[in-house]
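Student: I would like to learn how to read the helices and strands of a model. Please start with the terms.

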Amino acid sequence: MTVYIENEYTGPDFEEMFSFDFQETAEAVVLKALDLEDCPYEAEVNILLTGSEEMQAINRENRGIDRVTDVLSFPMNDFEEPGNFDHLEEDVPDAFDPDSGELLLGDIVLCIPKIREQAEAYGHSIRREYAFLIAHSVLHLVGYDHMTPDEERVMIEKQETVLSELGIKREKSEESI
């Protein structure tokens with residue numbers, strides 16, 4: 001599994017906020033989410049860490065919504081059924097990196113100021129909010145959505161399972177992975 005993280009956030013508080021190993025946390029969350037979905041492939045996910053202005057521009061350009069958001073997901077593949085990988089090898093030959101053979105899941109864009117804001121609002125750590133948003137986004141990358149109450153319930157349950165199994169709790173001072 002490969003998780004590429006590009007940090008274009010230039011805020012002065014990044015190192016203080018991200019005092020945990022954000023690469024390790026991202027890899028653990030992606031791996032756990034894919035394991036729980038029984039993904040039969042090694043996979044690749046790209047994560048971009050950015051600021052509010054950049055996130056607003058990305059949201060405006062891609063969704064036509066001119067405001068900052070916490071996370072955006074850009075899946076590389078369509079899933080007829082969420083978490084069902086059966087069709088990819090036969091129906092989507094471009095779904096795999098020709099060099100590594102990894103399943104190309106897509107891109108995640110995270111807004112660092114929103115992570116801080118939401119962690120404070122919900123009373124938990126930056127690491128927990130970061131991990132939650134990655135888990136949420138990975139589920140989008142494998143076909144899940146939350147447009148109906150039933151879909152939302154499924155996603156919430158899956159997100160909480162990922163975080164729980166990694167020991168990432170809502171408490172302000174969690175350190176386990």
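Tutor: Helices (H or I, at least four residues) and strands (E, at least two) are DSSP runs, numbered from the N terminus. Axes are lines fitted to C-alpha atoms, for helices over the stretch in contact, and angles run from 0 to 180 degrees between N-to-C directions. Contact means heavy atoms within 4.5 Å. In this structure, helix α5 (residues 112-122) lies across β2 and β4 and runs at about 70° to β4. The model is predicted: local features need pLDDT of at least 70, side-chain atom pairs count only at pLDDT 80 or more, and totals for chains, interfaces and linings use all residues. Residues are numbered from 1 along each chain as its sequence is written, and side-chain values use heavy atoms, with hydrogens and water left out.

Student: What is the mean pLDDT of the protein chain, and where does pLDDT stay under 50?

Tutor: pLDDT is the predictor's confidence in each residue, from 0 to 100. Where pLDDT is low, the predicted coordinates should not be read in detail. The protein chain has a mean of 94, with 96% of its residues at 70 or more. Over residues 173-177 the value stays under 50, and the model has 16 contacts beyond four places in sequence for them.

Student: Which order do the strands of the open sheet have?

Tutor: Strands of a sheet pair through backbone hydrogen bonds, either parallel or antiparallel. Two strands count as paired if DSSP finds at least two bridges between them. Here four strands form an open sheet in the order β1-β2-β4-β3, and the pairing is mixed. β1 (2-7) and β3 (71-75) are the edge strands, each pairing on one side only. From one strand to the next, the twist averages 15°. Eight bridges join β2 (residues 43-50) and β4 (residues 103-111) in the parallel sense, and L49 stands opposite L110 in β4.

Student: At what angle do the axes of α6 and α7 cross?

Tutor: Two packed helices are described by the angle between their axes and the distance between the axes. The axes of α6 (residues 126-141) and α7 (residues 149-165) cross at roughly 130° and come within 9 Å. That makes α6 oblique to α7, since angles under 35 degrees count as roughly parallel, over 145 as roughly antiparallel, 65 to 115 as roughly perpendicular and the rest as oblique.

Student: Which residues of α2 and α6 make their contact?

Tutor: The axes of α2 (residues 22-36) and α6 come within 9 Å, crossing at roughly 40°. Among the contact residues are F22 and V29 of α2 and Y130 and I134 of α6.
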